[in-house]
Amino acid sequence: MNVSLKHNDDAVSGIVKLEIVKADYADQVEKGLRSLRQKVNMPGFRRGMVPLGLIKKMYGKNVLIEEINKLVSENLFKYIRENDLHILGEPMPNITEQKQLDFDKNEDFEFCFDVALAPEVNIELSKNDKFPFYQVVIDDEMLDDQVSAYRSNFGSYEKVDEVEEKDLIKGTVAELENGAPKEGGIVVENAVLMPMYIKNEEERAKFIGTKVNSVVVFNPNKAYEGAEAEIAAFLKINKEKVAETTGDFSFEIKEITRRKEAEMNQELFDKVFGENEVTSEEEFRNKIKEALAEQFAPQSDFKFLTDIRDTLVKKAGELKFADDLLKRWLLAANEKNTKEKVDEDFPQILQDLTYQLVKDSLVRKNGLKVEDADIENFARRVAKAQFAQYGMLSVPEDVLDNYAKDMLKNKQTLQNVTDRALEEKLAAWLKEQVELNVKNVTVEEFNKLFE
């Protein structure tokens with residue numbers, strides 16, 4: 001088999017030609033026919049004893065086409081891979097040089113595929129290129145909030161006699177009519193609410209300061225300001241019925257539970273970070289501060305890459321693309337696409353494609369690679385961050401390892417983690433090449449940058 005590439009005049013597209021002769025496929029076709037012979041059931045013949053000539057007459061063309069298609073696909077992508085062709089999209093059947101295929105008469109075949117080739121990208125960066133780098137400052141207020149969250153998470157519940165805003169109240173709810181329980185009305189045993197989640201201040205105030213065995217008359221529809229899902233869940237009714245349920249209800253308080261924060265002591269330190277990892281309040285706060293800073297680091301890198309994007313694209317200059325071929329591929333790749341839709345989206349597609357080519361070029365030319373160890377480490381950090389969201393900072397190493405391995409079993413997750421690990425390496429490399437204008441910002445200021 002002979003495979004070759006002919007560049008078109010535009011230099012960003014070409015035609016890959018595969019010339020196939022009988023010797024390339026004959027053995028595989030023969031093998032395919034003999035395999036088929038063992039499976040075919042035909043009247044008058046025992047299984048596996050149908051004459052090979054008859055099998056060839058009946059199925060020879062189909063087997064030939066199947067084997068040639070395999071041969072074409074394997075060798076087309078092998079050629080692209082071995083010759084390091086940076087193609088965009090997928091190869092498309094050529095419609096200008098492709099010869100007519102006659103599987104009944106011919107033994108030699110020629111296949112032609114159009115390929116869109118990625119243009120060459122050259123970018124120079126220096127310390128003259130300046131970019132902002134936003135670093136979130138972990139201030140005392142944020143640190144105090146996180147400490148308080150851990151004390152609450154690892155705290156305990158206690159029964160109390162009088163309601164405060166953050167308490168959990170349990171009791172019996174009954175629908176009222178003219179101030180008395182409605183006959184056949186809604187009754188909910190063991191109903192639960194927390195005053196802090198009642199949106200209407202007037203309705204919320206009715207509960208504050210009440211005691212066990214008190215009866216509070218309130219209006220759920222006013223309390224939750226028409227939030228159908230919350231009202232339906234509270235009263236155990238269908239959402240459709242909420243609009244009809246606008247009257248008052250009684251809440252007989254049977255139990256008041258209050259969350260008591262954990263003491264700031266070694267027991268708390270051990271629960272959060274593991275046994276004897278920290279031994280003082282100062283170390284505890286510093287460790288939390290480090291963990292918070294670590295959580296914001298990937299977001300800072302993401303913002304940096306967003307800010308540097310336009311400069312990188314501008315430095316790449318106006319790249320030339322095989323527009324017609326790319327549009328043809330976009331139409332073929334998604335059956336929902338229309339010519340009008342592709343034409344409308346094409347400028348943005350080219351802009352995104354340019355940035356992707358810039359990134360690919362920088363990664364390739366500067367030897368930035370992601371090894372298995374990088375992927376595993378990144379997955380462990382993702383796992384660690386997910387546990388941290390639930391206040392679990394002392395997850396055992398073997399648990400993190402197993403969690404990360406399970407994550408990577410999913411092909412899509414594996415690809416996402418690989419891409420993110422590579423972007424992290426690219427961000428680190430770029431930060432070394434340019435001048436960073438480090439700006440310390442609060443969480444609120446940082447979040448506004450993404451609005």
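Visitor: Where is Lys236 placed?
Guide: In this predicted model, Lys236 sits in the loop between helix H6 (228-235) and helix H7 (239-242).

Visitor: What is the phi of Lys236?
Guide: Its phi is positive, about 60°, although Lys236 is not a glycine.

Visitor: And is Lys236 buried or exposed?
Guide: Lys236 is exposed, with a relative accessible area of 65%.

Visitor: Moving on, where does Asn178 lie?
Guide: Asn178 lies in the loop between E7 and strand E8 (180-181). Its phi is positive too, at about 55°, and Asn178 is not a glycine. With a relative accessible area of 80%, Asn178 is exposed.

Visitor: What about Glu175, buried or exposed?
Guide: Glu175, which belongs to strand E7 (residues 168-177), is buried because its relative accessible area is 14%, under the 20% limit.

Visitor: Which residues is Glu175 in contact with, leaving aside neighbours within four places in sequence?
Guide: Among them are Ala180, Pro181, Lys182, Thr245 and Phe249.

Visitor: A new topic: in what order do the 4 strands of the open sheet come?
Guide: The order is E1-E2-E4-E3, with antiparallel pairing. Strand E1 (2-7) and strand E3 (87-93) are the edge strands, each pairing on one side only.

Visitor: How many bridges join E2 and E4?
Guide: Strand E2 (residues 13-20) and strand E4 (residues 109-117) pair over 8 bridges.

Visitor: Which strands does helix H2 lie across?
Guide: Helix H2 (residues 52-82) lies across E1, E2, E3 and E4, and runs at about 135° to E2.

How values were computed:
Residues numbered from 1 in each chain as written. Predicted model: local features only at pLDDT ≥ 70, side-chain atom pairs only at ≥ 80, totals over all residues. Heavy atoms only, no water. Helix = DSSP H or I, 4+ residues; strand = E, 2+ residues; numbered from the N terminus. Buried < 20%, exposed > 50% of the residue type's maximum accessible area, 1.4 Å probe, protein only. Contact = heavy atoms within 4.5 Å. Pairing = 2+ DSSP bridges. Axes fitted to C-alpha atoms, helices over the stretch in contact; angles between N-to-C directions.
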